Amino acid sequence: MGVKGLQSFMQRCCPEMCVPVNLREMASQHVASNTATAHSTGPTLVVDGMACLRNWYTCENWVCGGQWREYMDVLKSWVEAFNSTGIRLVFFFDGVVEEQKRREWVKRRHRVNGQISKIFRHIKEHGEQPGRQLFCLPSGLATFTSFALRSLGHEVFCSVQEADFEIASYARQHCCMGILGQDSDFIIYDSAPYMSLEKLRINSLTTVLYDQQRFCRVIGLAVTQLPLLACLLGNDVVATEQMQHIRNNAIATYRKNNPAPDHGAPQVEMVLAVSQYVSSLWGGEEEETEHILQCMNLSAPHRELLKRGICSYLLPGQEALLRGDISSSPSACAMEKYVSPETLKECREKHVATEGFMVYPVLCEGVVECSNTLEDEEDAELLPQALVFKPCRQRIYGLLLGHDGSTVDNPAIREWFVFPGNQLKEPDMVHPLPISLPGGVPSLDLLWFGTGSDVTSLRLTSFLTILDCQDFTELYGTIEVSLLAVLCLVTYIVLQLPFLSSRAVQLGSLYVRGLSNLLGANCASGYPLPNTALMPWHSFDGQLFQSKYLLAHSGTETTLLLDSDSSCLSLFLHLRGKLIETCRKQGRVLQSRPRPNAPDLSRKTTSARGYRETHAGWTSGGGEWWRTTGEVRGEQRHEGGWSERGEERRDRRENVNRERLGERGGHGGGGHNFQPHSYSDHHSGGRHNMSHLPRQSRGRSYRSRGRYQLAPRWSQPPAPGT
């Protein structure tokens, strides 16, 4: 978020501080002025990776789970533009959410949830992806982007503190030519020059530099006074409403001293008024901030809050302006009594180098969070990904903490996971589950540092056990590891969900979020698989998934779905057999059903009638596979004891013509012949990188299930085999 209103103030009221720059010329000047600097690494830009995600993801399709190979091409082109000029890039990504900023994090998550609701409403009404005004990043984009940039040979860091703080610290420590981001906090830090990501033109490598010295001259403050200004205006640490009374008094005084009838835009007036107030507090530049805070009319809690906010801007090596400095360094590891110091050290190093996932927050913070996912809050049948993968996470926690199933000294991990119905008022306390391995739960020291074939085998067994896929051990080494990962993930999803009935939009997000859980399991197990095998661009493409899914619903033969590639067909049938066999052992016998005919999609409609959900059972045959998107309309089944719920909801809202329902194949016959849209089958660079998921029969017990209720309606995922 940065400082409330400061970015717009700089652009509207301080045009002289917004300096157009050419990064090529800046790089040359930086080299010339730093030739005598020892150990110079050349011109370096520190890039706020989180701020870049919206600029990087320019792929046309975003709602179906992500165009991952196309996205990789975008990243390659972007970094090459800098590489060709000799500019070194260093990327930082958020690795933790500091508790002092949890409140703001929750507010943002609720705000994004509202946007996701609009996205699903648009899909239901129009049967197509909304425009860019409702754009939402594909799930897991930040996680996998950090791995992608490392694979492209760039230095990438995952923060253990606030990412902005670490970016500013690195830039100052290494005398970098600048920071590339879009956060007004960077104008507050006394660090490297701050340049706009939003104004960046990648073809010409030009942008805008926000000149801190000119900014200070305009508002009449010294650089050392900027942290107090930022806190009084409102930032991630100090909420805007907490200092409202200070700002009100500052504005009243400002208007008294500046009686001109036109005070400018409200935000401009606000920044100038608070700047004038801050300047009036200082008797001299040497006066300590601690003394300034004591002189302000503040309650003790508000004074301590301001101290924390100001300290958050003080970088290592800078003189602490506050007595009794509130350190911003990481606290002691929350779970240190469960693991060795060597393991904790390795855990932190892997996290910082973006080689690990999930493990550091568990062991060192005792808390895990997951941001918004494209999930339909009105669909009460498909479990949220947070609950689908909860047993997987619990077994990861059990492996990390050496949990053997005893109730003595049983730790709990605080989970902040965003899903429909979760108000995020407090974290979920999630306890580890033991994993069943011969000889008991292995120590992390053995898994992470041990050598020999026995340890290698133990790592793989631990990974597969977390996912309940021990039967796939024999496949290791016989198929590509990325394909083995896909098979594990698809099998896990089959075991965890009694049925699927939501659109492919949510399924795409479910799959990609699942890959991040595989990353966590892989890291905890000591990396039996290379992390590169778990990247989405090796196994998933949103638009390809969409097209193949629609074709499968139309009754297309398996050979055609696999582009008539006989070798792929043989492998597919082999792996499908393994999946069915594993599900049967878990009590999940997959049954084949006749395929309902799908309607004609060649006629687009923008009415609410143009969107229907399909609620069909799982099959293990070559016809019907995963759920379709909203573009395939639903039908009613008499035998299954269920009806299309989205249809009922819309009929209550408006008087909808039911004529088309009589044409559905679910009434025992007829139906439209399916004419799919023209989709390319190689958007991701590969022809058959989709993992198809057989559908579980609902069986006789479905009638007695009842419907899930909204908020809250999922206490826990169904146990395997139920």
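**Exercise 1. The largest cavity**

What volume does the largest cavity have? Then describe its lining.

*Solution.* The model is predicted.
- Step 1: count the cavities. The structure holds eight of 30 Å³ or more.
- Step 2: take the largest cavity. Its volume is about 120 Å³.
- Step 3: list the lining. There are 14 lining residues. Nearest the centre lie Glu98, Lys101, Glu162, Tyr189 and Ser312.
- Step 4: Four residues are nonpolar, five are polar and five are charged.

**Exercise 2. Strand S5 and its partners**

Find which strands pair with S5, and in what sense. Then decide whether the faces of S5 are covered or open.

*Solution.* 
- Step 1: locate the strand. S5 spans residues 178-181.
- Step 2: find one partner. Strand S2 (residues 44-48) pairs with S5 in the parallel sense, over three bridges. Within this pairing, Leu45 has Gly178 as its bridge partner in S5.
- Step 3: find another partner. Strand S6 (residues 194-196) also pairs with S5 in the parallel sense, over three bridges. Here Leu180 stands opposite Met195 in S6.
- Step 4: check each face. Gly178 and Leu180 are buried on one side. Ile179 and Gly181 are buried on the other. Both faces of S5 are therefore covered, because buried means under 20% relative accessible area and these four residues are all buried.

**Exercise 3. Packing around Ala485**

Decide whether Ala485 is buried or exposed. Then name what it touches.

*Solution.* 
- Step 1: Ala485 lies in helix H20 (residues 481-496).
- Step 2: read the accessibility. Its relative accessible area is 1%, so Ala485 is buried.
- Step 3: list the contacts, not counting residues up to four places away in sequence. Ala485 touches Leu518, Ala533 and Leu534.
- Step 4: check a C-alpha pair. Ala485 and Leu515 are 30 residues apart along the chain, and their C-alpha atoms are separated by 8.3 Å.

**Exercise 4. Positive phi**

Thr354 and Ser564 each have a positive phi. Where does each residue lie, and is it buried or exposed?

*Solution.* 
- Step 1: recall the background. Most residues other than glycine have a negative phi.
- Step 2: read the angles. Phi is about 55° for Thr354 and about 55° for Ser564. Neither residue is a glycine.
- Step 3: Thr354 is in the loop between helix H14 (341-352) and helix H15 (359-365). Ser564 is in the loop between helix H23 (558-561) and helix H24 (566-585).
- Step 4: read the accessibility. Thr354 is at 2%, so it counts as buried. Ser564 is at 54%, so it counts as exposed.

Definitions and conventions:
Residues numbered from 1 in each chain as written. Predicted model: local features only at pLDDT ≥ 70, side-chain atom pairs only at ≥ 80, totals over all residues. Heavy atoms only, no water. 1 Å grid on protein atoms, 1.4 Å probe; cavity = no way out; pocket = protein on both sides within 12 Å on 5 of 7 lines; lining within 4 Å. Points joined across faces, edges and corners; volume = space filled by probe spheres on them. Nonpolar A, V, L, I, M, F, W, Y, C, P; charged D, E, K, R; others polar. Buried < 20%, exposed > 50% of the residue type's maximum accessible area, 1.4 Å probe, protein only. Helix = DSSP H or I, 4+ residues; strand = E, 2+ residues; numbered from the N terminus. Pairing = 2+ DSSP bridges. Contact = heavy atoms within 4.5 Å.
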